[in-house]
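Visitor: I should like to learn how to read the features of a protein model. Could we work through some of them together?

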Amino acid sequence: MIVSPSDARALAMSGMEALRIGDGRKARDTFERIIASGQGDAFSYVGLAYACRSLNDSAATVIAVDKALALEPRNTRALILKADHLAEAGDARAASSFYTFAVQTAPPATQLPPDLRDALARAQAMCQSYAGEFETLLRGKLVREGLSKERSAARFRQSLDILLGKKKIYFQQPHTYFFPELPQIQFYEREDFPWLDKVEAATDDIRRELLAVLKDQSAFEPYIQSDPKRPRKEQDGMQDNPDWGAFYLWKDGEMVSENARRCPRTMEIMAEAPLARVKNRSPSVLFSLLRPGARIPPHSGLVNTRLICHLPLIVPPHCALRVGNDVRVPVEGKAWLFDDTVEHEAWNQSEKPRVILLFEIWRPELTEQERSLVAAMFEAIDSYSGQKPVWSI
């Protein structure tokens with residue numbers, strides 16, 4: 001029978017109406033007529049699959065679904081129908097792959113009709129269920145093979161979280177200078193930096209000096225400040241924003257003498273730290289203040305030849321730092337070191353200010369020669385420009 005394209009469209013609508021009212025037999029006959037006329041498309045085959053499914057004809061359902069997917073490999077309805085068939089057949093692994101692909105490739109929910117949104121939500125739930133079962137099986141097997149919570153297995157545990165989709169992959173993204181072949185480490189192990197013992201032991205002394213500074217409300221300046229000689233970058237609202245404040249003891253490689261005199265004990269402790277030293281650029285040592293309700297947006301640092309150290313001094317509840325895929329809660333007097341060229345952000349959701357001592361050190365992987373060469377390179381760059389660099393930690 002010859003069916004014109006306009007007749008085929010009318011028949012398709014008739015078939016969908018038959019499905020809506022529960023007349024599977026009429027719907028099947030209608031879609032088979034369209035297909036027999038040579039006008040069959042993915043829509044028609046999906047309609048036929050729904051009709052056959054309503055009639056409990058599993059074999060015909062999967063044939064129609066496969067035809068639809070051959071024409072449109074990302075057809076959301078066909079993918080879910082295929083997944084449902086495989087799930088009912090007991091092939092959870094194959095079903096999971098089709099549910100996952102349907103979820104990954106579906107248009108935005110706002111563009112879908114209500115019934116397809118519901119089907120997609122069900123597919124998402126099935127993905128989560130299968131993922132949970134797989135994770136339980138996998139972790140159980142690995143525990144029996146010796147996986148522990150010891151430091152020696154930390155990297156493997158992180159790889160497992162990435163494999164299971166619980167964590168994203170983050171890499172160094174320095175804005176100014178990239179030194180190759182350095183390890184991609186978010187937070188460094190505290191135990192690898194024994195000199196931090198003295199820094200932590202001086203927490204009370206350093207905090208005492210901080211509290212004296214805090215009595216002067218004008219002491220802290222915005223951490224990110226605009227420069228009239230450079231284009232203004234909004235920095236997600238943080239530029240010239242006092243919510244993220246800084247009181248510098250060292251700034252861009254130069255001591256801030258007036259501030260340093262107010263914090264002699266802190267300066268004494270910092271004199272023993274392996275600070276990164278580059279003329280006109282490093283070190284910077286400061287009290288970093290995050291006011292109540294403030295959030296430092298995701299960003300990455302300038303150079304990957306250094307690490308940033310935080311010594312938490314005043315930490316109210318509901319404060320945290322995320323570096324890459326690792327979120328940690330600061331504890332007063334407990335220092336940590338991280339690579340700030342990995343995307344990071346911080347927040348203070350309390351009603352009190354959070355303050356840390358922040359400073360930068362050379363990355364331990366760099367040799368003394370490499371450190372000297374990096375410093376010499378930046379000095380040469382600055383001598384060529386004839387201007388002091390615009391530098392922000």
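Visitor: Which residues is Phe 31 in contact with, leaving aside its neighbours within four places in sequence?

Guide: This is a predicted model. A contact is read from heavy atoms within 4.5 Å. On that basis, Phe 31 touches Ala 12, Gly 15, Met 16, Leu 19, Phe 43, Ser 44, Gly 47 and Leu 48, once its neighbours within four places in sequence are set aside.

Visitor: Which members of the largest nonpolar core touch the most other members?

Guide: A nonpolar core consists of buried residues joined through side-chain atoms. The largest one here has 36 residues, and those touching the most other members are Ala 27, Phe 31, Leu 48, Ile 80 and Tyr 99. At least two residues of this core come from each of the helices H1 (5–21), H2 (24–36), H3 (42–54), H4 (58–71), H5 (76–88), H6 (92–105) and H7 (114–144). A second, separate core has 34 residues, including Leu 210, Ile 269, Phe 287 and Ile 314.

Visitor: What span should H3 have, and how far apart are its end C-alpha atoms?

Guide: The expected span is 1.5 Å times one less than the number of residues. The 13 residues of H3 should therefore span 18 Å, and this agrees with its end C-alpha atoms, which are 18 Å apart. Among the buried residues of H3 are Ala 42, Tyr 45, Val 46, Leu 48 and Cys 52.

Visitor: Is Met 16 buried, partly exposed or exposed?

Guide: Buried means under 20% relative accessible area, and exposed means over 50%. Met 16, in helix H1, has a relative accessible area of 30%, so it is partly exposed. Together with Met 13 and Phe 43, Met 16 makes a nonpolar surface patch of about 270 Å².

Visitor: Where is a positive phi found in a residue other than glycine?

Guide: Most residues other than glycine have a negative phi. Asn 280 has a positive phi, near 70 degrees, and lies in the loop between H12 and S4. With 18% relative accessibility, Asn 280 counts as buried. His 318 also has a positive phi, of about 65 degrees, and is located in the loop between strand S6 (306–314) and strand S7 (319–323). Its relative accessibility is 57%, so His 318 counts as exposed. Just after H3, Asn 56 takes a positive phi of about 60 degrees.

Visitor: Which residues does a cis peptide bond join?

Guide: Most peptide bonds are trans. The bond between Ser 282 and Pro 283 is cis, with omega about 5 degrees. Pro 283 lies in the loop between helix H12 (264–270) and strand S4 (285–290).

Methods. Residues are numbered from 1 along each chain as its sequence is written. This is a predicted model: local features need pLDDT of at least 70, side-chain atom pairs count only at pLDDT 80 or more; totals for chains, interfaces and linings use all residues. Side-chain values use heavy atoms; hydrogens and water are left out. A nonpolar core is a set of buried Ala, Val, Leu, Ile, Met, Phe, Trp, Tyr and Cys residues joined through side-chain atoms within 4.5 Å. Buried means under 20% relative accessible area, exposed over 50%, partly exposed in between (1.4 Å probe, protein chains only). Helices (H or I, at least four residues) and strands (E, at least two) are DSSP runs, numbered from the N terminus. Patches are made of residues with over 30% relative accessible area and no salt bridge: like charges are joined within 9 Å, nonpolar side chains (Val, Leu, Ile, Met, Phe, Trp, Tyr) within 5 Å. Accessible areas come from the Shrake-Rupley method with a 1.4 Å probe; for residues, only the protein chains shown count as cover. A salt bridge is a side-chain nitrogen of Lys or Arg within 4 Å of a carboxyl oxygen of Asp or Glu.
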